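Some questions and answers follow on how the terms used for this structure are decided.

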Amino acid sequence: MHTIKSARIYGSENISGYRILVDRVWPRGISKVKAKLDLWKKSIAPSTELRKWFNHEDEKYPEFKEKYLDELTHNSELPDFISLVREELAKNDVVLLYGAKNTEHNQAVVLQEYLDKEINSGK
């Protein structure tokens, strides 16, 4: 069975699967060729306001996660995104790529947990 993974885009060239950048802003120093993306899904990323507020400060992560999950549940593109991920998982791993330095506290981790729950619950 295929899985959803999250990975920092820097140094991820050898991670195979359906590669989705889930940042609203293009990562510095990464060319489109080097990124090897299948999709850049800006609209599923946290809002600019939430991203700037969070500023990758660990102590804000629990509140960031809560606010981002709220944004996701109100995002009109979420159902189609879940369907796409489900389709791709039938063929391959799905890799959610992000630019943040913090590998534990970022939107891709939140999104990965959310998608795992949604897809595994059969919704």
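Ala, Val, Leu, Ile, Met, Phe, Trp, Tyr, Cys and Pro count here as nonpolar, Asp, Glu, Lys and Arg as charged, and the others, Gly among them, as polar. The model is predicted: local features need pLDDT of at least 70, side-chain atom pairs count only at pLDDT 80 or more, and totals for chains, interfaces and linings use all residues. Residues are numbered from 1 along each chain as its sequence is written, and side-chain values use heavy atoms, with hydrogens and water left out.

Q: What is the make-up by class of the lining of the largest pocket?
A: The lining has 10 nonpolar, 4 polar and 7 charged residues. A pocket is an open set of points on a 1 Å grid over the protein atoms alone where a 1.4 Å probe fits, with protein on both sides within 12 Å along at least five of seven lines, and lining residues have an atom within 4 Å of a point. By that rule 21 residues line the largest pocket, and Asp 23, Arg 51, His 56, Gly 99 and Ala 100 lie nearest its centre.

Q: Which helix gives the most to the lining of the largest pocket?
A: Helix H2, residues 48-54, gives the most, with 3 residues. Helices (H or I, at least four residues) and strands (E, at least two) are DSSP runs, numbered from the N terminus.

Q: Why is the pair of Phe 54 and Phe 64 called stacked?
A: Rings of Phe, Tyr and Trp (its six-membered ring) pair if their centres lie within 6.5 Å; planes under 30 degrees apart count as stacked, over 60 as edge-to-face and the rest as tilted. A search of the whole structure finds 5 such pairs. In the pair of Phe 54 and Phe 64 the centres are 4.1 Å apart and the planes are at 15°, so the pair is stacked. Phe 54 lies in helix H2 and Phe 64 in helix H3 (residues 61-73), so this pair ties together parts that are 10 residues apart in sequence.

Q: What makes the pair of Tyr 61 and Phe 64 tilted?
A: The rings of Tyr 61 and Phe 64 are 6.3 Å centre to centre with 35° between the planes, and the pair is tilted. Ring pairs link Phe 54, Tyr 61, Phe 64 and Tyr 68 into a cluster.

Q: Is Ser 12 buried or exposed?
A: Buried means under 20% relative accessible area, exposed over 50%, partly exposed in between (1.4 Å probe, protein chains only). Ser 12 has 1% relative accessibility, so Ser 12 counts as buried. Ser 12 sits in the loop between strand E1 (4-8) and strand E2 (18-21).

Q: Why does Asp 93 count as buried?
A: Asp 93 has 16% relative accessibility, so Asp 93 counts as buried. Its place is in the loop between helix H4 (78-89) and strand E4 (94-98).

Q: What makes a polar contact with the side chain of Asp 93?
A: The side chain of Lys 5 does, at 3.1 Å. A polar contact is a pair of N or O atoms within 3.5 Å; within protein, one must be able to donate a hydrogen and the other to accept it, and residues adjacent in sequence count only if both atoms are side-chain atoms.

Q: Is Ile 20 buried or exposed?
A: Ile 20, in strand E2, has a relative accessible area of 0% and is therefore buried.
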